[in-house]
Amino acid sequence: AIFLEQNHFPLVSVCVLAYKSSKTIHETLDSILIQDYPRIEILVTDDCSADFDKKQIETYIKDKNHGNIVSLSVHCHEENGGTVKNIEFARTHASGEFIMYLAADDALFDSTTVSQYMNAFSNAGEDVYMVCSLTAMSGSELSDIRFFSPSREGVSLLQTASPQKIFSYTSHTFTIPTTSNCIRTSLYTKIGGYDTENYFLIEDAPLFCRMLRAGIKPYWIPNMIGAYHRD
């Protein structure tokens with residue numbers, strides 16, 4: 001299907017962060033390709049995996065594009081730099097007004113995930129920089145859902161507490177879901193990007209802590225599961 005008036009929709013960049021993910025990356029890509037949102041950029045960035053086939057990934061996405069993938073770029077680094085450098089590369093090369101990140105062994109929950117996030121931004125207003133929802137924590141198969149994250153206590157905090165109180169909790173217990181969120185890219189103008197100087201693998205918690213310290217609270221979407229996270 002060719003979507004009408006695509007340019008009226010904000011561009012959403014969905015960044016796939018890959019490392020030794022050849023057995024699972026196609027499941028991740030499929031979850032993006034089935035989205036009903038009409039204007040998506042896919043950016044795949046691999047952190048120097050021996051089994052990564054750049055051309056095959058490009059062909060796979062192009063062959064399955066049903067008209068809503070308006071931009072595509074696939075990158076493979078010559079040296080392994082770690083998760084933080086890989087996500088910062090994705091951030092600085094993405095073009096969307098909004099951005100999402102998926103590890104190449106996770107997946108969006110259903111075909112409406114991106115649309116639900118964009119509807120939430122529309123309802124929440126211009127001063128909201130992140131929307132988030134539940135993550136289905138799975139076993140080796142994504143369909144094997146073990147539990148949902150964050151906990152009920154974490155969800156209650158995200159819904160009702162101040163940024164300062166959420167920070168106090170987040171400093172010792174992971175609260176904001178990494179996999180199930182969407183970010184307005186202007187957030188990075190306010191708080192900076194990912195901390196590649198001090199961290200190698202932990203990309204999300206330091207950024208979320210800086211966001212909360214700056215008084216910026218994520219917007220919680222009730223009754224929504226955003227993504228699967230493979231254990």
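Guide: Let us begin with accessibility: a residue is buried under 20% relative accessible area, exposed over 50%, and partly exposed in between. Please bear in mind that this is a predicted model.

Visitor: Why is C48 called partly exposed?

Guide: The relative accessibility of C48 is 31%, so C48 counts as partly exposed. C48 is placed in the loop between β2 (40–46) and α2 (54–64).

Visitor: What is the phi of C48?

Guide: C48 has a positive phi of about 65 degrees, although it is not a glycine. Most residues other than glycine have a negative phi.

Visitor: Which value makes N223 count as exposed?

Guide: N223 has a relative accessibility of 81%, and the cut-off for exposed is over 50%. N223 therefore counts as exposed. It lies in strand β9 (residues 219–230), and its phi is positive, about 60 degrees, although N223 is not a glycine.

Visitor: How do you know whether F208 is buried or exposed?

Guide: The relative accessibility of F208 is 3%, and buried means under 20%. F208 is therefore buried. Its place is in helix α8. Leaving aside residues up to four places away in sequence, F208 touches M130, I176, P177, T178 and N181. From F208 to E88 the distance is 14 Å, C-alpha to C-alpha, and the two are 120 residues apart in sequence.

Visitor: What makes α8 a mostly covered helix?

Guide: Eight of the ten residues of α8 are buried. They are D204, A205, P206, L207, F208, C209, M211 and L212. These buried residues pack against β6 (130–138), α6, β8 (181–184) and α7. Just after α8 comes G215, with a positive phi of about 85 degrees.

Visitor: Which residues of helix α3 are buried, and against what do they pack?

Guide: In α3 (residues 83–93), the buried residues are V84, N86, I87, E88 and A90. The buried residues of α3 pack against β1 (12–18), β2 and β4.

Visitor: Let us turn to the helices. Why are α5 and α6 called roughly antiparallel?

Guide: Helix α5 (residues 152–160) and helix α6 (residues 163–170) pack at an angle of about 155 degrees, and angles over 145 degrees count as roughly antiparallel. The two helices are therefore roughly antiparallel to each other. Their axes are 9 Å apart.

Visitor: Which residues meet where α5 and α6 pack?

Guide: E153, G154, L157 and L158 in α5 meet K165, I166 and Y169 in α6. The residues of this contact divide into four nonpolar, one polar and two charged.

Visitor: Which two residues does the cis peptide bond join?

Guide: The cis bond joins S149 and P150, with omega of about 5 degrees. Most peptide bonds are trans. P150 lies in the loop between β7 (145–149) and α5.

Visitor: How many aromatic pairs are there? What makes the pair of Y101 and Y194 edge-to-face?

Guide: The structure holds five aromatic pairs. In the pair of Y101 and Y194, the planes stand at 90 degrees and the centres are 5.9 Å apart. Planes over 60 degrees apart count as edge-to-face, so this pair is edge-to-face. Y101 is in strand β4 (residues 98–103), while Y194 is in the loop between α7 (186–191) and α8 (204–213), 93 residues apart; the pair thus links distant parts of the chain. Both Y101 and Y194 are buried.

Visitor: Which residues do ring pairs link into a cluster?

Guide: Y101, Y188 and Y194 are linked into a cluster by ring pairs.

Visitor: How do you know that the charged end of R91 is within reach of the ring of Y188?

Guide: The charged end of R91 sits over the ring of Y188, 4.9 Å from its centre, and the distance limit for sitting over a ring is within 6 Å.

Key
Residues numbered from 1 in each chain as written. Predicted model: local features only at pLDDT ≥ 70, side-chain atom pairs only at ≥ 80, totals over all residues. Heavy atoms only, no water. Axes fitted to C-alpha atoms, helices over the stretch in contact; angles between N-to-C directions. Helix = DSSP H or I, 4+ residues; strand = E, 2+ residues; numbered from the N terminus. Parallel < 35°, antiparallel > 145°, perpendicular 65-115°, else oblique. Contact = heavy atoms within 4.5 Å. Nonpolar A, V, L, I, M, F, W, Y, C, P; charged D, E, K, R; others polar. Phe/Tyr/Trp six-rings, centres within 6.5 Å; stacked < 30°, edge-to-face > 60°. Buried < 20%, exposed > 50% of the residue type's maximum accessible area, 1.4 Å probe, protein only. Lys NZ or Arg CZ within 6 Å of the ring centre and 35° of its normal.
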